[in-house]
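Subject: Structure handover

Hello,

Here is the structure you will be working with. My notes on it come after.

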Amino acid sequence: MKVLAMASRKGGSSKTTICVHLAGLADADGGCVLLDADPQASASVWYELRQAERPLVVPTDATNLHSILAAVEAEGFQYAMIDCPPHNEASISEAMRAAHLVAVPIRPSLFDLRAAEATFSMARALKRPAIGILTGTPPPMTGGEASIVREARSYLDAIGADVCTATIGQRAAFSHALLSGSNAAEYEPGGKAAREAAALWRELKDLMQ
C-alpha cells in the first residue's frame, strides 16, 4: 500500500481540498482511504454530505495513525492519504514517517512560499521525499503559465524543492463540488477542474511507484 501525506505548516493551503478531489481517483485505482488527521475535520464534514460510501474517510491522530494504516492495508486498499493538521508538529511528523511521498500544497504568494520552506525542511530532516503542489493558481496565459506561477516555481527551485508540473487552479467547480459532497470528477466530469485533478493524481501516483 502506498501512503501519501498532504502536509503544510500553514493553514488555508488547500490540503483538504486536494485530498478530497484526489481520493476518489485513487479509490478507482485500487481503493483509497482518506485519513482525516486535521482537528478541523473538514474531510469528515465533506464525507457526511456524501451519498456514496467510497472513498472512505476515517478520523485519526498521531496516537492511532499506524494502527489504522495497518488495518487499511490488511483490507487490501492500495492507497491511503493523510490530511495533516497545519500546526501539530507531532502529527505531521508521524504522517511523514509513514508516507511514501509528502505532498506540500502551496499558493503562489510570498507568505505561502516562505511557510512552505518549513514543511520541506521537516520532510528533509525525516528523510522523506517531498514535492510541492501549486494551488489556487490563475488560469494559464497565452504562451504558458501566469507570471506569478513561474515566479513561484523559480522561488521553490532556488530552495531546492521539487514541484509538480500539474497545478490546481482557482476554479469554482472545486468549491461547488465540496458543497455537494462530491469531487470535481463527479460534479463536472470532463471539466477543467476534473482534468486538473486527474493530471495531478497521475503525477503523484507515478512518483509513489
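This is a predicted model: local features need pLDDT of at least 70, side-chain atom pairs count only at pLDDT 80 or more; totals for chains, interfaces and linings use all residues.

Residues are numbered from 1 along each chain as its sequence is written, and side-chain values use heavy atoms, with hydrogens and water left out.

Nonpolar cores

A nonpolar core here is a set of buried Ala, Val, Leu, Ile, Met, Phe, Trp, Tyr and Cys residues joined through side-chain atoms within 4.5 Å. Buried means under 20% relative accessible area, exposed over 50%, and partly exposed in between (1.4 Å probe, protein chains only). The largest core has 35 residues, and the members that touch the most others are Leu69, Ile82, Ile106, Phe120 and Leu156. Helix α5 (residues 110-125) supplies the largest share of this core, 5 residues. Helices (H or I, at least four residues) and strands (E, at least two) are DSSP runs, numbered from the N terminus. A separate core has 32 residues, including Ile18, Leu34, Trp46 and Met208.

Leaving out neighbours within four places in sequence, Leu156 has contacts (heavy atoms within 4.5 Å) with Ile106, Leu113, Phe120, Leu134, Ala161 and Val163.

Cysteines

There are 0 disulfides in the structure, a disulfide being a pair of cysteine sulfur atoms within 2.5 Å. Cys84 is in none, and its nearest cysteine sulfur, that of Cys19, is 7.9 Å away. Cys84 counts as buried because its relative accessibility is 0%. Cys164 is likewise in no disulfide; for this residue the nearest cysteine sulfur, again that of Cys19, is 13 Å away. Cys164 has a relative accessible area of 0%, so it is buried.

Backbone points

Arg54 and Pro55 are joined by a cis peptide bond, with omega about -5 degrees. Pro55 sits in the loop between α2 (42-49) and β3 (56-59).

Two residues other than glycine have positive phi: Ser14, at about 85 degrees, and Ala41, near 55 degrees. Ser14 is in the loop between β1 (2-6) and α1 (15-28) and is buried because its relative accessibility is 15%. Ala41 is in the loop between β2 (32-36) and α2; with a relative accessible area of 23%, Ala41 is partly exposed.

Glu151

Glu151 belongs to helix α6 (residues 147-158) and is partly exposed, at 49% relative accessibility. Glu151 and Ser109 are 42 residues apart in sequence, and their C-alpha atoms are 9.4 Å apart in space.

Regards
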